[in-house]
Amino acid sequence: LLLWLLCCCLFAATGRCQMTLLSGQRLPLQGQGTNPDEPVTIYVSAINNRLVDVDDKNSRFENLLFLQLSWRDARAKRAMRDSTLAFRNGTLDKCNRPCTSSWDLARDESQAFAPQDSCCDNVWLPALDMTNVFELPTGRLQPYQIFVDEDSDAVAWMTAIHGKYFAEMSFRSFPFDSQKLVMQFGYLPKSIVSAFVPSSATTRFLVREEGEIVSGWDVEDIKVVPKNTTQEIEASYFLSAFGTSPPNPDDPAPVPIVSAGVASDAELVSFDVEIRIVRMWKYYILNMFLPLFLLVALSFSCYLTPPESLDVRVSLQVTLFLSLTAYRFIITDALPQSSQPNSLTNLIIVYYFCISFGIPQSVVVYMLCDSSRARDEMMPPAKRSTEGRGKVVSTALKMSKREHSGELAALIDLVSLAAVMLVVIIGSTCIMLG
């Protein structure tokens with residue numbers, strides 16, 4: 001009983017600590033202040049620090065992005081000065097939002113108003129939700145800086161966003177596929193923000209070393225995509241495309257509501273950050289596709305084996321078929337689960353057909369040879385010797401250096417070998433090239 005009570009106390013204490021940590025950490029784009037009198041134009045810069053992980057089996061990715069929003073606000077300089085002076089003279093007990101996360105503010109009235117010495121409690125910042133975020137890591141680092149230019153009305157807010165996101169992925173062109181990873185941000189009324197305008201964008205920041213950023217993928221491009229819509233259009237799209245029942249006419253506030261407190265026909269603006277990644281296909285060619293090709297190439301030796309050796313030919317094809325099945329289970333477990341067939345699964349189906357084709361073909365040529373041998377045994381000795389002296393061996397049989405009981409069986413073997421090789425080569429090329 002004592003042990004059980006101790007475990008309960010530890011569990012409760014751990015839960016309280018985690019809740020305290022979660023509640024004490026600010027959301028990346030948590031807004032503040034009074035909205036501007038006139039709509040502002042916000043310029044968006046997406047500076048990608050590192051793509052941490054791409055989980056294509058669960059359609060998720062983890063990324064660390066530095067996002068900078070910049071706009072003009074004539075009130076910002078006075079708001080920053082008032083908050084800073086109130087903190088320095090003791091009127092404000094605590095600065096809830098220092099202008100930078102890298103310094104602790106000092107109550108020194110002789111200091112200037114640099115970002116590391118200032119308080120930005122009253123500076124207006126836009127509030128943006130993250131609509132497709134899956135998780136914000138608890139122990140994440142979230143540095144930020146708010147820069148208020150004293151010589152102009154410019155305001156810049158840069159913050160680091162470390163999170164895990166949902167992503168829609170397509171694997172039809174695997175392993176030559178590219179994916180679009182999207183970070184979606186919430187809408188704001190156009191009465192507050194007139195537009196989000198793309199500005200700078202870079203795929204790497206603060207990392208100078210050459211090499212792979214994330215295992216198996218290469219970051220090709222990143223861009224900011226602005227969006228404009230209305231609450232009515234956005235809600236009707238999801239209801240018409242994915243809804244199972246319309247909202248009740250008597251519902252005073254039917255869902256989905258994109259932006260609370262905004263009229264249904266009010267214009268909304270937002271933006272997405274799209275990261276284009278390309279799969280590093282050489283790894284999959286060497287470790288998955290090449291062993292498959294060598295496996296099916298071994299089946300070519302079946303058509304070079306004498307037709308009389310039925311047991312050898314059939315056992316070889318069965319062994320290769322089972323090996324292909326075992327290999328398929330291994331590589332399928334390492335691939336993302338998708339209802340769309342990709343190039344690897346299509347290639348396995350073609351190779352299954354090529355290997356399986358050798359079994360009935362071996363039976364057919366064996367029966368031809370067996371029937372020819374049976375006719376020779378039933379033929380009288382004198383006639384058999386006369387016909388044997390006049391028999392001509394074809395050039396193809398001499399080149400193959402094999403003994404066949406009949407020219408037809410040898411011809412079937414050669415035609416079958418050529419056909420299977422063509423199917424493997426042409427099929428593999430077409431599937432790999434899409």
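## Pairing pattern

Number the bonded cysteines along the chain in sequence order and the pairing reads 1-3, 2-4. Keep in mind that this is a predicted model. Two disulfides turn up in the count, and here is a look at each of them.

## Cys 95 and Cys 119

Start with the bond between Cys 95 and Cys 119, where the S to S distance is 2.1 Å. That sits inside the 2.5 Å cut-off, so the pair counts as a disulfide. The link ties together distant parts of the chain, with the two cysteines 24 residues apart. Cys 95 and Cys 119 each lie in the loop between helix 2 (76-88) and strand 3 (133-135).

On geometry, the torsion about the S-S bond of Cys 95 and Cys 119 is about 100°, so this disulfide is right-handed.

## Cys 99 and Cys 120

The other bond joins Cys 99 to Cys 120, with an S to S distance of 1.9 Å. Again distant parts of the chain get linked: Cys 99 and Cys 120 are 21 residues apart, each in the loop between helix 2 and strand 3.

The link of Cys 99 and Cys 120 is right-handed, with 100° about the S-S bond. Both of these cysteines are buried.

## A further cysteine

One more residue to check is Cys 354. Its relative accessibility is 1%, so Cys 354 counts as buried, given that the cut-off for that label is under 20%.

Notes:
Residues numbered from 1 in each chain as written. Predicted model: local features only at pLDDT ≥ 70, side-chain atom pairs only at ≥ 80, totals over all residues. Heavy atoms only, no water. Helix = DSSP H or I, 4+ residues; strand = E, 2+ residues; numbered from the N terminus. Buried < 20%, exposed > 50% of the residue type's maximum accessible area, 1.4 Å probe, protein only.
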